[in-house]
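Biologist: Please take a close look at one part of this model, the aromatic rings and what surrounds them. Keep it brisk.

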Amino acid sequence: MRQNIKLVTVKSEIAAGTRGAGLGVDAMIVASLTKQSSFFAEHSIVGVEDVNNVLLKENRFPYAKYADGVKIVLDRVAATTASVMDEGSFPVVLAGDHSTAAGTISGIKKANPEKRLGVVWIDAHGDLHSPYTTPSGNMHGMPLAMVSGSDNIAQQVNTLDEETIAQWEAIKNTGIRGAKITPEDIVFVAVRDTEGPEEVFMKEHGIKNFSVEEVRKEGVKTIAARVLERLQDCDIIYVSFDVDSMDSSISMGTGTPVANGLTVEEAKDLNALLVQSPKVCAWEIVEVNPTLDKGNTMAENAFDILSNTVEVLKNSKELAPPLMMA
């Protein structure tokens, strides 16, 4: 399965607060050409059709912006991910805004309904908001709430109309009905920009965040081992890598850059170590936005991480004892 990598491209950006993430996949392709790499010619690619044209229309859902379009894209991503896994391939997802990760997770669960799924979320943000708690209404801040079925009503700040509630309930049932993961099976790395409702939720459910400071103090290898240890009771694991987990000094080529993040090398090593675990069944990279960049810097760094991660996936052994230690 790991030798049979399939790239899934998702050029959707309707859930982001700024425009341009839909161009991230092509920016990474340009980066590969700049580096004279044949990476994209060497791998099978399946594209998921976007509905970015909805951005030309008026948004009807202030606390779940373009929710009707988001639902369409999530359905398509879930179906594609499940199909790739059912055929025995390993999905490597290249996406625009991070909301589509909910589609990936839903697809993994659809293909593995009896398996307990853990999530490694490498990101500057918690992405645990629901329409009830969101300060912006941008749904790329909601994918983990979508797949865990979490409204976080106790921290509610917004009053929703019936149509928004109906759209949100439909989104939570993407792929298969009900929650795909439990919050306790989420592990954060490098999260450093959260709001009050998310922080309360994280504390209530014991969601561990390995800070950038911990990564520096303990080393990437130790952190990777500790991440996997926390998910040891899960049958399978999905790793989601948002490029804004990296420090904003590296590049501003992402929608919501945050200071004090990972270096490129730390991000590269962390992803490479994590995917050596035989439990990892899918990997995703998101939120490259070349319209906010100079010289395609972020896309070039993202491509280096992408190509290295895939190379490790193809060459990793069935067992990875060094990473399964306590």
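Modeller: Phe40 is buried, with a relative accessible area of 13%. Buried means under 20% relative accessible area, exposed over 50%, and partly exposed in between, with a 1.4 Å probe and protein chains only. This is a predicted model: local features need pLDDT of at least 70, side-chain atom pairs count only at pLDDT 80 or more, and totals for chains, interfaces and linings use all residues. Residues are numbered from 1 along each chain as its sequence is written, and side-chain values use heavy atoms, with hydrogens and water left out.

Now the ring pairs. Rings of Phe, Tyr and Trp (its six-membered ring) pair if their centres lie within 6.5 Å; planes under 30 degrees apart are stacked, over 60 edge-to-face, and the rest tilted. This rule gives three aromatic pairs. Phe39 and Phe40 make an edge-to-face pair, 5.1 Å centre to centre with 85° between the planes. Phe39 is buried, as is Phe40. Phe40 also pairs with Phe303, this time stacked: 6.0 Å centre to centre, 25° between the planes. Phe40 sits in helix α2 (residues 39–42) and Phe303 in helix α11 (residues 297–315), so the pair ties together parts 263 residues apart in sequence. Helices are DSSP runs (H or I, at least four residues), numbered from the N terminus. Phe303 is buried too, with a relative accessible area of 3%. Ring pairs link Phe39, Phe40 and Phe303 into a cluster.

Lys208 lies over Phe210, at 5.0 Å from the ring centre. The rule asks for NZ of Lys or CZ of Arg within 6 Å of the ring centre and within 35 degrees of the ring normal.

Notes
Helix = DSSP H or I, 4+ residues; strand = E, 2+ residues; numbered from the N terminus.
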